[in-house]
Amino acid sequence: MTFKEFNFKNTLNQAIQNAGFKEPSPVQKESIPIILDGHDMIGQAQTGTGKTAAFGLPIINMMSGDNGIEALIIVPTRELAMQVSDELFRFGKIVGYKTATVYGGTAYNKQIERINHANIVVATPGRLQDLLKSKKIKLNPKFVVLDEADEMLDMGFLDEIKNIFTYLPEDRQTLMFSATMPKQIKKLAEEILKNPKSVTITKSERTNSDITQKFYVVSDYERDDALLRLIDYKNPTKCIIFCRMKKEVDRLSSYMTSQGFKVAGLHGDMEQKQRERTIRAFKQGLVDIFIATDVAARGLDVNDVSHVFNYHIPFDSESYVHRIGRTGRAGNKGEAITLVSPNELRTIKRIEKDVGTKMISRVVPTRQEVQSRKDSNLLKEIAQTNITPSAIELVKELQHDIDIVTIAYLLASIIQKEVDVKGKDNIGLNQEEIDRLIERNRNQKGRDSNHRRGRRGRNRNSSRGDSRRRDRSHRRKRYKS
Ligand code: ADP
Ligand code: MG
């Protein structure tokens, strides 16, 4: 199927072609005809599936362009507001539509000025409510979209949203998009949508099969070591490391910088300008590691993120889905790596069940494994390098005093320092230990339901003690990750 079949205006078809879109994504195939038919709609699909174009294209196609603001898109964060308006702008500009972006932290007057000249407004709830309440703007849109509704709920915007809708005309087409559908979102849908059609991209399609999901069991104090070892081993083009708190982002950023990595931290307290600059640096590849909190990285759309690391496993399944959705975008392969401590294994099980996905356990590679991989890469690189004139000069110079073999050894020693793998030999649990832990967790569950509380603690402690003793007598068996 192609975009032609929607019978969009020629200019819009041209814009789609310019954007390089060849085939509509599943959520686009299903949503676009419904929206073109004038129905309200509720759409559920994972991040990165093309929801923006799913509502943006049919809306732009139906707009007349001659009576002010015709479309209002409400999104949870400033980053998303910018992303969505960028995406709509590339489709809208060829038709001649103007987009205004409205969010907190910038001057009111400029925004109001832009709103007055726009056809499409993309706004975050807080600022939008301010403007409507204070009667600084009046909106009469034919199309209203609530994007990433579950994020709005998580961020505590539910009341603002309900209030905003009291200022909007009854006669409108309303669309709602969400990656997940918690109860409160379904209830909100009943309040703001009229006889909506639903589009659900089913669970198996929702878990992006381009993303490999792995977890590594480590002790809390080993997290830093494990993270650096894995980055060393996997050699990501770009990666995002997720932390739970801003404090952790700051600490990890300075630690990794001290270890020679090019990193940037991203969290909710940063000034808007600084955030934009940081994201741009990441997109352009000036920084290849992002350390972020959930909120800061919401909706972040960077196409070549090869790895997502969860420094800690997130508390809820929805954040997990959002986090790992930062990789494997636009048809690329991605890898999501989660560090867990032994007692977080149950969180893994819960997320697997909620999301309908499978995470595979792996062992952190040993120092020697990483070293030999790096050494063999170095050999390849040496074999493929072209000799430069200045190198010939340098070796000539050295040959006055040193024989050629010694020169080679010396040069190799200099390069080798660069690929030296640091840290202890073994990090985290080995495969047998992980398997045993999983097995124990399973038995634990059985016991929990048979026995009363008092005994549980004792059982757990004693079984842990036993296995520690056993662990020592085992040779650590390791599998490639
Ligand atoms: P979502 O809102 O579902 O998270 P987005 O709308 O942000 O997803 O789209 C993710 C990325 O995929 C964007 O860079 C977008 O330009 C691109 N994209 C969307 N639809 C298509 C398509 N049909 N073909 C190619 N790329 C697409
Ligand atoms: Mg989106």
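## A strand and its partners

Strand S9 and strand S12 (residues 307-310) pair in the parallel sense, with four bridges between them. One contact to look up in this predicted model is that of cysteine 239, whose bridge partner in S12 is histidine 307.

S9 also pairs with strand S11 (residues 289-293); five bridges join these two, and they run parallel.

## How enclosed is S9?

Is strand S9 buried or exposed? Five of the five residues in S9 (residues 239-243) are buried, so the strand is largely enclosed by the rest of the structure.

The side chains are worth a look too. Cys239, Ile241 and Cys243 point one way from S9, while Ile240 and Phe242 point the other way, and all are buried. In a regular strand, side chains alternate between the two faces of the sheet.

## Glycine 334

Let us move on to strand S13 (residues 334-340), where glycine 334 has its place. Because its relative accessibility is 5% and buried means under 20%, glycine 334 counts as buried.

Which distance separates glycine 334 from serine 209 in space? From C-alpha to C-alpha it is 9.3 Å, although the two residues are 125 residues apart in sequence.

## A positive patch on the surface

If you are thinking about charge, have a look at Lys110, Arg114, Lys273, Arg277 and Arg280, which gather on the surface in a patch of positive charge. Helix H5 (108-117) and helix H13 (272-284) are the elements that give two or more residues to this patch. H13 gives the most, with three residues.

Arginine 280 is a handy example, as a residue of helix H13. With a relative accessible area of 46%, arginine 280 is partly exposed, since that class lies between the 20% limit for buried and the 50% limit for exposed.

## A nonpolar patch

Another surface patch is nonpolar: Leu379, Ile382, Leu411, Ile414 and Ile415 make it, and its area is about 460 Å². Which helices each supply at least two residues of the nonpolar patch? They are helix H17 (367-384) and helix H19 (404-418). The largest share comes from H19, with three residues.

Leucine 411 is found in helix H19. Its relative accessible area is 34%, so leucine 411 is partly exposed.

Terms used: Residues are numbered from 1 along each chain as its sequence is written. Chains are lettered from A and ligands numbered from 1 in the order in which they are written. This is a predicted model: local features need pLDDT of at least 70, side-chain atom pairs count only at pLDDT 80 or more; totals for chains, interfaces and linings use all residues. Side-chain values use heavy atoms; hydrogens and water are left out. Patches are made of residues with over 30% relative accessible area and no salt bridge: like charges are joined within 9 Å, nonpolar side chains (Val, Leu, Ile, Met, Phe, Trp, Tyr) within 5 Å. Accessible areas come from the Shrake-Rupley method with a 1.4 Å probe; for residues, only the protein chains shown count as cover. A salt bridge is a side-chain nitrogen of Lys or Arg within 4 Å of a carboxyl oxygen of Asp or Glu. Lys and Arg count as positive and Asp and Glu as negative; His and the chain ends are not counted. The place of a charge is taken as NZ of Lys, CZ of Arg, CG of Asp or CD of Glu. Buried means under 20% relative accessible area, exposed over 50%, partly exposed in between (1.4 Å probe, protein chains only). Two strands pair if DSSP finds at least two bridges between them.
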